[in-house]
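Please keep the sequence and the model at hand while reading.

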Amino acid sequence: MNKMITLGGLFAAVALSGCGGSGDDAAPPPAKPPATVVSGAEGLWTGQTPDAIALSVQGVVLENGETWNIVSAVDGTVVGFSQGNIQASAPDAITGTGRYLNVVDQAHLTDRKIESVSYFGRYAVRDSIQVTASNGWKYAGNYGVRYEQPAAVSELLGTYVGTGIGNQVSAPLISLSVTTGGLVSTTSYPGCSVRGTLVPRASGRNVFDLPMTFDGTTCPVANGSVVNHVVLYNNTSRSILIMGQSVSKEQTYIYTGLKS
């Protein structure tokens with residue numbers, strides 16, 4: 001498993017970008033806006049590794065080339081996180097570098113690892129992507145048109161229950177609230193004050209910025225840390241994905257949850 005999930009830096013996808021649901025009464029997928037809306041490998045991408053383990057890679061390539069991703073097992077458990085940057089080396093080709101961090105539970109802290117990874121691949125704008133990492137493993141994904149919808153903080157208001165991952169250590173049943181004005185907080189870490197404010201990215205894409213401050217010795221990251229996140233939301237599944245790291249990259253925090 002550890003060898004397979006070292007896809008770090010691979011930009012890919014967000015199952016969050018899927019429409020969800022099926023059947024005759026399912027709403028049709030939203031129509032694609034004009035192709036000039038995005039360029040290069042920018043966007044939400046959803047896919048899997050082509051192997052028996054079939055890990056899903058979920059994330060986003062931002063307009064500035066940053067990549068933010070999570071890697072999940074078949075049962076939805078997050079097993080890894082990566083952040084990196086890509087460069088378009090040709091109209092349909094990309095190269096990039098990233099940093100992959102595995103995820104463990106409280107009983108396996110010594111198993112935490114960080115790996116630097118490079119990758120190359122090909123893509124079709126707003127359609128598909130195929131990537132090979134420096135360790136030889138591959139990933140294929142599809143574009144999510146939700147990336148092009150307007151970002152509205154009002155859609156995210158509510159309470160979520162899910163998994164928080166601080167510095168690669170997973171904790172279940174974490175409750176997180178988004179209130180008027182995009183204020184984000186949680187009371188699931190006793191003795192730790194967590195606060196931040198959601199702001200739509202200036203790019204106009206369906207992605208939010210979220211700097212979060214953690215104060216307290218019981219926090220999932222170091223006391224006083226400011227972790228800068230990107231946030232993705234699916235208004236069909238009512239799911240949220242928060243991925244971030246500090247400027248120094250020494251502190252990381254991820255949250256995946258469903259609106260209750």
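## Terms and basis

A residue is called buried when its relative accessible area is under 20%, exposed when it is over 50%, and partly exposed in between, with a 1.4 Å probe and protein chains only. The model is predicted, and local features need pLDDT of at least 70, side-chain atom pairs count only at pLDDT 80 or more, while totals for chains, interfaces and linings use all residues. Residues are numbered from 1 along each chain as its sequence is written, and side-chain values use heavy atoms, with hydrogens and water left out.

## The barrel and its strands

Strands here are DSSP runs of E with at least two residues, numbered from the N terminus, and two of them pair if DSSP finds at least two bridges between them. Eight strands close into a barrel in the order β1-β2-β3-β4-β5-β6-β7-β8, with antiparallel pairing. From one strand to the next, the twist averages 30°, an angle that runs from 0 to 180 degrees between the N-to-C directions of axes, which are lines fitted to C-alpha atoms.

Strand β2 (residues 56–61) is mostly covered, since six of its six residues are buried. S56, Q58 and V60 point one way from β2, whereas V57, G59 and V61 point the other way, and all are buried. Strand β1 (residues 43–48) pairs with β2 in the antiparallel sense over six bridges, and the bridge partner of Q48 in β2 is S56. Six bridges also join β2 to strand β3 (residues 66–72), again antiparallel, and V57 has V71 as its bridge partner in β3. The hairpin of β2 and β3 has four residues between the strands, and G65 in that hairpin takes a positive phi near 90°.

## Aromatic pairs

Rings of Phe, Tyr and Trp (its six-membered ring) pair if their centres lie within 6.5 Å, and planes under 30 degrees apart count as stacked, over 60 as edge-to-face and the rest as tilted. A search of the whole structure finds five aromatic pairs. One of them joins Y160 and Y233 edge-to-face, at 6.4 Å centre to centre and 85° between the planes. Because Y160 lies in strand β9 (residues 158–166) and Y233 in strand β15 (residues 225–234), this pair ties together parts 73 residues apart in sequence. Both Y160 and Y233 are buried.

The rings of F214 and Y253 have centres 5.3 Å apart and planes at 55°, so that pair is tilted. F214 in strand β14 (residues 208–215) and Y253 in strand β17 (residues 252–259) are 39 residues apart, and their pair links distant parts of the chain. F214 and Y253 are both buried, and ring pairs link Y189, F214 and Y253 into a cluster.
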